[in-house]
Structure formats: structure tokens, C-alpha cells
Amino acid sequence: MAEPAPTDGSQGVRPAPPLDAGERERLLAGAHHDPHAVLGAHLVGGGVCFRVLRPFARSVVISAKGLRARLRSEGDGLFSGVLPLREIPDYRLLVAYDGDELELQDPYRFLPALGEVDLHLIGEGRHERLWQALGAHPMTHQQVTGVRFTVWAPNARGVRVVGDFSYWNGTAFPMRSLGRCGVWELFLPGVAEGALYKFEIVGPDGSRTLRADPMARRTECPPATASVVHTSYHRWRDEEWMARRAGFRPHESPFSVYEVHLPSWRPGLTYRQLAEQLPGYVKDLGFTHVEFLPVAEHPFGGSWGYQVTGFYAPTARLGTPDDFKYLVDALHRADIGVLIDWVPAHFPRDDWALAAFDGTPLYEHADPRRAAHPDWGTLVFDYGRTEVRNFLVANAVYWCEEFHIDGLRVDAVASMLYLDYSREAGEWTPNEHGGREDLDAVSFLQEMNATVYRRCPGVVTIAEESTAWDGVTRATHHVGASGFGGLGFGLKWNMGWMHDSLDYMTHEPVHRKYHHHEMTFSMVYAYSENYVLPISHDEVVHGKRALVSKMPGDWWQRRANHRAYLGFMWAHPGKQLLFMGQEFAQGAEWSESHGPDWWLLDPSYSAEPDHRGVRDLVRELNHHYLGEPALWQRDIVPEGFRWIDGDAADDNVFAFVRFAADGSPLIAVSNFSPVVRHEYRIGVPDGFPLWREVLNTDSPRFGGSGVGNPDPLKTDPTPWHGCHSSILPVLPPLATVWLKPV
């Protein structure tokens with residue numbers, strides 16, 4: 001058969017076999033499961049049938065070597081024709097609109113751009129790098145550049161890609177279903193990074209919604225909601241940090257965390273501008289890590305990031321994903337680890353995001369009683385569905401691998417673990433054993449932790465878990481008395497210590513003796529889990545008052561209490577976390593709209609020395625903490641701590657000793673009364689003739705009165721507190737002192 005002569009007309013183009021009316025309707029309605037079977041080029045009797053869907057086009061011409069043939073219009077944007085060819089040529093489309101003719105690749109001539117292995121792993125719920133398979137990926141496919149779009153929507157009747165490249169009309173770009181795994185795919189030639197897009201999904205009931213990509217790695221800046229095609233060009237320069245991280249042992253290392261809400265730390269700064277200021281500030285204060293409130297994209301800034309819609313995208317409010325990588329890189333090069341808050345407990349109901357994504361409960365549980373979160377009006381993930389678990393587990397890995405995040409603080413774990421969380425009788429159904437535990441959530445958390453620790457050595461996971469669940473930081477394969485294996489977290493926020501100790505501090509000193517146990521009870525269970533001591537954002541908002549404002553007394557006493565409490569906290573077993581603004585005794589509650597009150601540190605402000613003094617103390621606490629293995633080396637074993645006197649309720653005094661692995665001691669004594677206690681005898685470990693004061697929160701440098709122990713303290717052979725010898729230090733008012741052997 002000879003090739004036809006080039007022609008711009010439809011001469012020689014035979015009519016294509018007409019589409020079945022139902023198939024045509026489904027195709028035009030975006031409800032066709034396999035548009036590639038209808039569109040594109042296909043061998044038929046007598047030649048090759050071409051069919052193109054281009055709404056608003058005036059004409060479509062098939063262009064190939066030695067071939068130029070105009071297709072016949074079928075109406076509704078469909079163009080077709082049969083050409084007398086033996087094989088399908090390497091062709092282009094010449095699409096004419098009013099005033100323009102565009103030469104385009106036909107998206108429907110390409111084989112699937114997603115492989116069988118990916119599809120198998122997705123179907124099994126075991127794709128640990130899911131972000132490389134789903135979403136929008138610029139690539140070269142069959143020697144043509146474009147973007148592969150893939151989305152999981154197993155119950156959809158049809159899915160189409162829409163975007164700025166199609167003027168937000170998706171008619172021309174229906175996707176194909178890749179089988180039982182529920183993935184839809186389309187390779188769009190000519191689309192490039194930076195393009196805006198969404199998925200138009202037709203649900204089982206025929207309803208139609210526009211959805212942001214659940215796997216989008218970049219988003220528009222809220223309140224806009226489109227996803228953005230993204231390619232990363234960041235070149236990491238934190239090789240030394242990452243090499244050291246692989247061997248990091250958080251339980252036996254210093255771990256002092258500065259908690260930050262990035263949009264409000266210095267309002268108006270971008271990720272890159274923050275990279276010029278935040279590392280230096282944190283390094284100067286001596287913190288080992290920062291912890292960011294959720295950075296994943298969220299539509300409502302007032303949620304502080306805890307209602308996530310873009311789980312794979314850093315919020316665009318502060319810049320691009322590469323800009324966020326630049327910030328992490330800068331922190332690592334300053335030897336500062338980066339933790340982020342991660343929110344797998346729930347997601348908002350926005351109708352452009354995950355809720356009823358394919359027209360059915362998909363990411364959320366199918367049972368409405370389990371799907372609705374009673375406290376926040378959000379939806380709870382279906383942790384029993386393998387694909388949903390895969391979405392979340394891969395997301396945890398994603399932040400650690402792609403953004404070099406060093407730890408995940410998992411939010412609201414308690415709300416995940418209990419079927420009756422914030423629910424009344426009749427509002428929940430027991431598990432298969434008749435219990436209140438959410439077995440699916442337990443299994444998910446175990447899988448997430450095990451996967452993260454296996455894939456990302458040196459990363460730590462931290463649970464915000466507010467109940468007495470057994471084994472939050474126990475290994476997943478160690479079954480406890482409750483019959484469950486451990487959840488596998490590395491650390492757990494000690495919410496009990498936080499509530500008890502803050503309640504104690506809010507009382508006037510004269511009443512504290514009646515609450516003495518609130519400061520000692522934490523040591524009853526201190527080694528049941530691996531703890532972080534958190535003074536977090538949650539404690540300085542919503543009428544709870546800032547840390548210094550919780551304290552009783554006048555301004556001097558409030559600051560003294562604040563300093564003494566921090567000295568007690570830094571010496572107590574467990575890692576430390578302090579929210580921004582509390583390091584300089586900000587008196588007002590935190591507000592995400594304006595952030596910390598930095599003006600308090602303006603030298604022209606008369607009370608600036610008061611606030612600077614508290615910040616100087618935090619710097620000093622971290623300086624000593626980093627250099628004192630007794631304060632962190634044996635944090636999780638009883639051998640690292642001993643009470644000297646935990647019963648001095650009438651004096652409001654607490655004295656204990658911390659031990660390093662080599663037995664080196666450090667004594668911490670806190671006097672939470674406003675009186676000086678002269679020659680206050682305390683027992684000390686044997687073998688040390690002299691002790692010296694290494695830290696005193698009442699130092700004039702920190703805004704204190706200057707009462708202290710400037711000279712070494714000689715050991716007295718008088719037995720005391722069960723020790724063979726003792727010393728007689730002066731205890732400053734409302735202060736904590738640390739003592740070491742000379």
C-alpha cells in the first residue's frame with residue numbers, strides 16, 4: 001500500500017467506525033475507565049483509525065513523515081478518521097483553534113508510564129516510596145518529555161486531569177484505569193514543572209468534584225488549592241550531618257529541643273530568610289534540635305498546621321519545597337537536628353481534598369461513627385485499609401528521606417489508640433476482642449515506626465500520647481502485660497510530668513507543701529517509657545497563659561520561679577522541649593498572628609535586662625547540659641538518678657543526684673520558696689571532698705538576687721539523707737542550683 005500524498009484536507013480519510021452511544025457518552029462525561037482504547041491510533045481493517053478529543057478545536061490534522069491528513073469532526077470536540085496505513089506512524093497533532101494552530105503530541109498514543117512492580121506494591125500496600133509512583137512526575141517517556149499523572153481512586157467511574165494547561169477544562173484529558181489496584185494514569189506530553197493541576201473525579205453516583213492531588217509535592221499558596229508539578233533541584237550539603245545521624249543514639253545523647261511555629265517565629269520571613277536567622281539563634285542558645293509545628297500544607301493558618309490537606313508538600317506560605325530543604329540544610333550545617341510534627345490522626349473535611357475522595361469514604365473509615373473525630377470536626381483515617389496505611393507510612397519515610405528530617409513527633413496518638421476516645425456509650429463499637437483499643441491504629445503505628453527505623457537509621461519518632469498506654473516506646477516485638485507489642489516509638493512526651501509540675505508551680509509558695517508530690521510523682525514511672533519533658537505551644541495558648549505568667553507573685557518572683565523551674569526541668573531525667581518565646585519569659589500568650597514578642601529584647605525597653613537574663617539562663621542551661629553526661633547519658637535507666645531528698649515538703653525543696661555512665665555525679669537542688677535557706681544540709685555521694693556550684697538560677701546575670709555558693713563546699717562526715725557525708729550549701733530563694741565535685 002503506497003503512502004498517501006500529503007494533504008491538508010480530509011480527502012482520502014475514511015470515516016471512522018462510529019462510537020457506541022453509551023461509550024461516547026461516558027467518554028465525554030469523563031466516566032470512561034479506558035479512554036486509550038477509544039482515543040489515539042488503532043489498527044483496524046483497512047488502515048489505522050485515529051480519534052482525538054479536543055474540545056473547542058476547529059480542526060485536527062494528523063501530521064507524520066510524508067503524511068498530513070485532516071480528521072473528520074464527529075461533534076462535541078471529537079475528530080476521527082481512518083487512514084490507509086499498514087502501521088501506526090510516529091505522528092503529531094496539528095490542532096487549530098481560533099487564530100492559532102498548535103503542534104502537539106497525542107497523549108493517547110503512549111503506553112502506561114507506571115510499571116507493574118509499582119502497581120503490585122501499591123495493591124499490596126507496601127510501596128515504601130509511594131511518592132515516586134503516584135502524583136505528578138516530570139519525565140521522559142517513549143523519548144517524549146512530559147508529566148505522568150497518577151492517582152489512587154478505586155471507586156471512581158472516571159478521572160480526568162485538569163489544569164492551567166487545559167484552561168481548567170478536563171474534557172480533553174481523561175485518565176485510564178490500571179486495573180484492580182485503583183490507580184488511574186495519564187502521561188501528558190508538553191506539560192512541565194510549575195504547571196497547576198487537579199483531578200476531576202466522577203464518583204460512583206455520577207457526582208463530579210475537583211480534587212487536589214493527595215500526593216502533590218508542591219501546592220499553591222493558600223487560600224488557593226491547586227497542586228503544582230514539581231521537580232527538586234536542591235543539592236544537599238549536609239553530608240557530614242547525615243553520616244553522623246546514622247549512628248545517633250537519642251536515649252544516650254543530649255537532646256534539647258526548641259519548638260518553633262515557622263510562620264510566626266519571625267512573621268513575614270520565607271524559608272530561605274529563616275535559614276539566615278534561625279540556625280544562628282538556636283545554635284547560640286545551645287539547643288541540639290528544633291521542632292517545627294506541622295509544615296505540611298494546610299488551608300487554615302489558625303490550625304497551626306494540624307489540619308493537613310497536603311501531606312507530601314511543605315506549606316507554600318513560606319516558599320517552595322526546595323526552599324524548605326535549604327532551611328533544613330542550613331540547620332544541619334549548624335549541627336542542629338530538625339524534628340517536625342506529623343499528623344496522621346485526622347484530616348479536614350474540605351471537599352477539594354481527601355474527604356470522600358473518589359465519591360466514597362476512601363481515606364476515612366467507612367463507618368461514620370469511626371470516621372468522625374468528635375473533638376475537631378475532622379475525619380479519622382481508616383488505618384485498617386492497606387492503601388491508606390501505605391499512604392501514611394510512606395509519608396513518614398518521605399519526610400525523613402527527601403527532606404532529611406531527623407525525627408517525627410506524632411500528634412494526638414491517644415485519639416488514634418482508643419475507639420471510645422471522646423465518645424459516649426453507644427457512639428462506638430468494641431473491637432473483635434470486646435475491647436476499646438483500635439487494633440488497626442495500633443498495627444499502623446507499629447508498622448510506621450518499624451519502617452522508619454529500618455529505612456532511616458538515626459531518625460527518632462516521638463509520641464504525643466496523653467494516657468498510660470503500655471509500651472509506647474517499647475519495641476514492637478516485645479509483648480507487654482496488656483497483650484500488645486510495643487508501639488515502637490523512640491520517645492514519648494511526658495504529659496503527666498508537664499501537667500503535675502506546672503500545677504505545682506502555679507501555687508503560691510506557702511501552699512506548695514500540699515502539692516509536693518506533684519513534683520516527685522514523675523519519678524515513680526520515669527523509666528516506664530523514654531520521655532521528653534515538654535513545655536510546648538499547647539501550654540501557652542487558649543487562656544493557659546505564658547510560662548512566666550503562670551507563676552505566682554510579683555514580676556521578680558514570677559521570673560525567679562520561671563528560672564528555678566527551668567533549672568529543675570533541665571536536670572530532671574528526660575529530654576527537654578521549650579516553645580519559642582518562653583526562652584526569654586514572654587508574658588503574653590503565643591499568637592500565630594504575630595509570634596514571639598521580640599520587642600521585649602529591645603535594649604531601649606526598660607525591662608529588657610529581665611528578659612535577656614532569662615534567655616541567658618537558657619543558654620547557660622544548654623551549655624552545661626551538653627557538657628554534662630550525667631544529665632543525658634543514663635536518662636532511661638534508674639541507675640542514672642537518685643533522690644537525695646524528695647520529702648522536704650515544708651521547705652519546698654527538692655534535691656537529687658544524676659550519674660553519668662562512669663559514675664560522675666551532678667547534684668540539683670531546687671528551693672521553690674521565697675526565703676534563703678542558709679547551711680541547708682544535704683547528703684552527697686561518697687568519695688568527693690569538695691563540691692562547687694556550677695549553675696545558679698539566682699545569679700545576677702540571669703536577673704536574680706545573687707545569693708549563692710561562690711566558694712567550694714567542703715564535705716562534712718555527718719551522715720545525712722542515707723549518705724555517709726554531707727554539705728551545707730546556701731539555697732537561694734526561688735532558685736535551682738547545680739553542684740559538681742571539684
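# A walk through loops and cavities

Start by selecting Asp 335: with a relative accessible area of 39% it is partly exposed (between 20% and 50%, with buried under 20% and exposed over 50%, using a 1.4 Å probe and protein chains only). This is a predicted model, where local features need pLDDT of at least 70, side-chain atom pairs count only at pLDDT 80 or more, and totals for chains, interfaces and linings use all residues. Residues are numbered from 1 along each chain as its sequence is written, and side-chain values use heavy atoms, leaving out hydrogens and water.

Asp 335 sits in the loop between α6 (321–333) and β21 (337–342); helices (H or I, at least four residues) and strands (E, at least two) are DSSP runs numbered from the N terminus. Though not a glycine, Asp 335 has a positive phi of about 65 degrees.

Next, pick Phe 56, in the loop between β2 (47–53) and β3 (59–64). Phe 56 isn't a glycine either, yet has a positive phi of about 75 degrees. Phe 56 counts as exposed, at 65% relative accessibility.

Now jump to the loop between β15 (208–211) and β16 (227–228), where you'll find Pro 223. The peptide bond from Pro 222 to Pro 223 is cis, with omega near 15 degrees.

Select Arg 370, Val 380, Leu 419, Arg 423 and Asp 438, which lie nearest its centre among 18 lining residues. Both α7 (368–371) and α9 (413–417) give two or more residues to this lining.

How values were computed: On a 1 Å grid over the protein atoms alone, a cavity is a set of points where a 1.4 Å probe fits but cannot get out, and a pocket is an open set with protein on both sides within 12 Å along at least five of seven lines; lining residues have an atom within 4 Å of a point.
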